Amino acid sequence: MFLNHVQNRRERVVLTSSIAAIAYNERPKTPEVVVDETWFSDPDYCRDLKKWYVLSKTLAEEAAWKFAKENSLDLVSLNPAMVVGPVLQAEINTSSAAVLNLINGSETFPNKCYGWINVKDFANTHIRAYEIASASGRYCLVESVAHYSEVVMILRDLYRMCTDEKPYEPTFQEGKELRD
């Protein structure tokens with residue numbers, strides 16, 4: 001029944017994907033590099049690294065684009081970085097768990113930079129992607145890129161945590177804005 005409906009009307013579908021479906025490949029990520037919606041994670045690279053969540057997001061998005069093309073669907077893919085903010089569900093997501101681990105006193109943190117987006121902005125972007133007729137393709141959703149040390153410093157300021165570390169500079173940029 002769904003296929004008949006899809007074949008008779010062109011509908012917009014907004015897919016929640018992940019930055020995981022974009023950033024995991026062998027391309028270098030230096031301060032000059034902009035990671036954007038034209039990037040795709042490499043399934044073989046993900047398998048080699050045993051990044052199963054990343055692989056699943058990559059393959060799911062590939063399947064969605066194939067299905068959309070075969071069935072004339074107007075697909076918009078939203079690829080958020082680490083989503084943080086108020087939660088509605090009983091369990092926290094992977095992004096919030098990373099922050100909670102730091103709040104709970106983790107003695108170490110990854111020497112990595114990640115993109116971050118507030119869950120409220122992410123929710124609003126779903127609405128905009130559906131309602132704005134010119135929206136198309138993929139969008140990296142990142143409000144800022146921060147090294148874990150910077151996140152620790154923000155948490156220290158918010159929760160009186162102790163650290164003497166200075167933040168590292170982000171190692172790459174992400175971009176493409178959804179505009180009216």
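## Helices over the sheet

Helix α4 (residues 52-70) lies across β1, β3 and β6, at about 165° to β3. Contact here means heavy atoms within 4.5 Å. Angles run from 0 to 180 degrees between N-to-C directions, with axes fitted to C-alpha atoms, for helices over the stretch in contact. Helix α6 (residues 119-131) also lies across β1, β3 and β6, running at about 155° to β1. Helices (H or I, at least four residues) and strands (E, at least two) are DSSP runs, numbered from the N terminus.

This is a predicted model, where local features need pLDDT of at least 70, side-chain atom pairs count only at pLDDT 80 or more, and totals for chains, interfaces and linings use all residues. Numbering starts from 1 along each chain as its sequence is written, and side-chain values use heavy atoms, leaving out hydrogens and water.

## The sheet itself

The open sheet has 3 strands in the order β1-β3-β6, paired in parallel; pairing takes at least two DSSP bridges. β1 (12-16) and β6 (137-141) each have a single partner strand, so one side of each lacks a neighbour in the sheet. Neighbouring strands are turned by 20° against each other on average, direction ignored.

As for β1 and β3 (residues 74-80), 5 bridges join them. T16 has L78 in β3 as its bridge partner.

## The largest pocket

Now for the open space. A pocket is an open set of points on a 1 Å grid over the protein atoms alone, where a 1.4 Å probe fits, with protein on both sides within 12 Å along at least five of seven lines; lining residues have an atom within 4 Å of a point. The largest pocket is lined by 35 residues, with I19, A20, Y24, M82 and Y114 nearest its centre. Helix α4 gives the largest share of that lining, 4 residues.
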